[in-house]
Amino acid sequence: MPWPSRKRDKGAVADKKEPDAKIAKTENETSDKEEEEMSAKPPAGSSKSGWKNWKKKESESGGEESKITYCHWLLKSEPESRLEKGVDVKFSVDDLKAQPNQTTCWDGVRNYQARNFLRSMKLGQQAFFYHSNCKEPGIVALVKIVKEAYPDHTQFDQKDPHYDSTSRKENPKWSMVDVQFVRMTKRFIPLSEIKAHHLAHKADGGPLKDMMLFSRQRLSIQPLTQEEFDFVLSLEEEKPH
DNA sequence: GCCAACGTTGGC
DNA sequence: GCCAACGTTGGC
């Protein structure tokens with residue numbers, strides 16, 4: 001599994017907590033500045049300016065480069081049991097479907113870049129549910145964001161494998177969103193197949209040429225452009241390879 | 001601020 | 001289970 005250590009317990013209370021979420025938002029706004037720096041590590045092998053441009057692209061809207069607007073996501077989760085500090089972090093799509101409302105909070109993200117993506121997610125946006133660290137890695141389902149970023153309570157829980165002793169209640173470092181199951185993809189879309197398209201597209205300029213699954217392989221929360229999302233989704237109509 | 005050591009992710 | 005590809009930490 002990724003960082004998201006799905007909790008089998010609570011099924012996330014979508015909505016209801018409006019005040020909390022608001023407070024979190026304003027707090028995050030200010031805390032963002034300081035933490036942004038440490039999170040802003042250039043990808044290995046890329047220049048500083050390249051990274052700056054990338055960051056710029058993300059915040060701007062309008063202009064040449066801003067076709068890079070992300071409105072879809074890929075969320076990794078581990079469908080097979082694995083112990084992290086004595087706690088099983090397994091969370092498969094079946095586990096998601098078994099939650100009340102088929103909804104869960106996406107807690108346990110402890111990576112700044114992933115966190116920043118979490119915080120930019122908007123209500124109603126769709127995401128791929130991806131099985132990682134397992135026999136058959138790949139996309140199994142569609143989910144949607146049903147609650148925007150709010151503080152991840154597991155950072156304050158000493159018994160949680162993702163407890164963070166450096167985080168303050170007044171200024172939480174880590175956020176989570178709530179996601180709800182939408183549907184299974186019409187078929188399993190294996191990583192191997194997505195990768196094959198990615199390689200082909202690098203040569204011919206197709207839609208998956210820059211897909212983050214391959215350029216930032218370890219990121220558990222990844223954005224997709226509309227084009228990337230549409231192309232990957234179109235694969236479910238094809239025959240398996 | 002550089003960079004080596006270390007830790008983690010995750011495909012294979 | 002191996003190990004490549006990173007992200008983080010800490011010495012200097």
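Are Tyr112 and Trp174 buried or exposed? Tyr112 is buried, and Trp174 is buried too; here buried means under 20% relative accessible area, exposed over 50%, and partly exposed in between (1.4 Å probe, protein chains only).

## What you're looking at

This is a predicted model, where local features need pLDDT of at least 70, side-chain atom pairs count only at pLDDT 80 or more, and totals for chains, interfaces and linings use all residues. Residues are numbered from 1 along each chain as its sequence is written, chains are lettered from A and ligands numbered from 1 in the order in which they are written, and side-chain values use heavy atoms, leaving out hydrogens and water.

Chain A has 7 helices and 8 strands. These are DSSP runs (helices H or I, at least four residues; strands E, at least two), numbered from the N terminus. Out of 241 residues in chain A, 49% count as buried.

## Rings that pair up

The whole structure holds 4 aromatic pairs. Rings of Phe, Tyr and Trp (its six-membered ring) pair if their centres lie within 6.5 Å; planes under 30 degrees apart are stacked, over 60 edge-to-face, and the rest tilted. Tyr112 and Trp174 sit with ring centres 4.7 Å apart and planes at 35 degrees, so this pair is tilted. It links distant parts of the chain: Tyr112 is in helix 4, and Trp174 is in the loop between strand 6 and strand 7, 62 residues apart.

Phe128 and Phe229 make a stacked pair, with 4.7 Å between centres and 25 degrees between planes. Phe128 belongs to strand 5 and Phe229 to helix 7, 101 residues apart. Both Phe128 and Phe229 are buried.
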